[in-house]
Amino acid sequence: AEARAFYTRHDAATSSADPGVLAAAIAILAHTGGEGEYEAFRARFKQARTPQEEQRYLHALAAFRAPELVQRTLISTVSAEVRTQDAPLLVRDLLVGVHSRGQAWSFVKEHWDEMERLYPSVSGLARMCEGITALATPVLEADVRRFFALRTVVLGGKILEQYLEQLQVAVRFRERETAALRVYLDQA
């Protein structure tokens, strides 16, 4: 409620509000928002007056949790709606998102060839693939490894191998610490 009130008081286009607080309010509204907020933020992304405002609203779209809104954002990454230099970073945001990661990973697998063709240079794919490090469950890790084992993916140097190693570390950490964290949180 506080984030909504702050956002309503401080229109990003004309406000002298602290940009950090405004960014936090936008992130909260995206995380808790629905169709109305999504459409408003999408319009702000498309009509942004500055590159910073454009990026703020574009990346806020990745924070919406409703599966249908996640899907709309994913589709925008392979359409003309999002510039090809921005799309890989948006996909990365969705791969990292707790509520969107599984859906985003399925989308990446389904649209890999298209993304490989659309996204600029090796760096675009490398930035997108950084998101696989958040797919930190044994099932997702196995699926990621299977997917990349069946393809020749060039991200430059050993980037893919490093991401896969980071994923493995995250999965092992999760397996090792989950029980202790549950005990701790139950005591809190």
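This is a predicted model: local features need pLDDT of at least 70, side-chain atom pairs count only at pLDDT 80 or more; totals for chains, interfaces and linings use all residues.
1. Glu-54 counts as buried, with a relative accessibility of 17%, because the cut-off for buried is under 20%. Arg-83, by contrast, is partly exposed, at a relative accessible area of 39%.

2. Next comes a bridge between two helices. Asp-143 pairs with Lys-109, and their closest N and O atoms are 2.6 Å apart. Since Asp-143 lies in helix H9 and Lys-109 in helix H7, the pair ties together parts that are 34 residues apart in sequence. Asp-143 counts as buried at 16% relative accessibility, whereas Lys-109 is partly exposed with a relative accessible area of 29%.

3. What about Arg-44 and Glu-53: are they buried or exposed? Both residues are buried, and their side chains meet in a salt bridge at 3.0 Å, N to O.

4. How many salt bridges does the structure hold? The count is 16. Some residues form a network of salt bridges: Glu-35, Glu-39, Arg-42, Lys-46, Arg-72 and Glu-81 are linked in this way.

5. Helix H8, which spans residues 121-129, has Gly-124, Leu-125, Ala-126, Met-128 and Cys-129 as its buried residues. Which helices do these residues pack against? Their partners are helix H6 (87-96), helix H7 (101-118), helix H9 (138-149) and H10. Two of these partners have already come up, as H9 carries Asp-143 and H7 carries Lys-109.

6. Finally, do look at the surface around Tyr-184. Leu-181, Tyr-184 and Leu-185 make a nonpolar surface patch of about 350 Å². Tyr-184 lies in helix H10, which covers residues 159-187. With a relative accessible area of 57%, Tyr-184 counts as exposed, because the cut-off for exposed is over 50%. As a reminder about helices in general, an α-helix has 3.6 residues a turn, so residues three or four places apart point the same way.

Methods:
Residues are numbered from 1 along each chain as its sequence is written. Side-chain values use heavy atoms; hydrogens and water are left out. Patches are made of residues with over 30% relative accessible area and no salt bridge: like charges are joined within 9 Å, nonpolar side chains (Val, Leu, Ile, Met, Phe, Trp, Tyr) within 5 Å. Accessible areas come from the Shrake-Rupley method with a 1.4 Å probe; for residues, only the protein chains shown count as cover. A salt bridge is a side-chain nitrogen of Lys or Arg within 4 Å of a carboxyl oxygen of Asp or Glu. Helices (H or I, at least four residues) and strands (E, at least two) are DSSP runs, numbered from the N terminus. Buried means under 20% relative accessible area, exposed over 50%, partly exposed in between (1.4 Å probe, protein chains only). Contact means heavy atoms within 4.5 Å.
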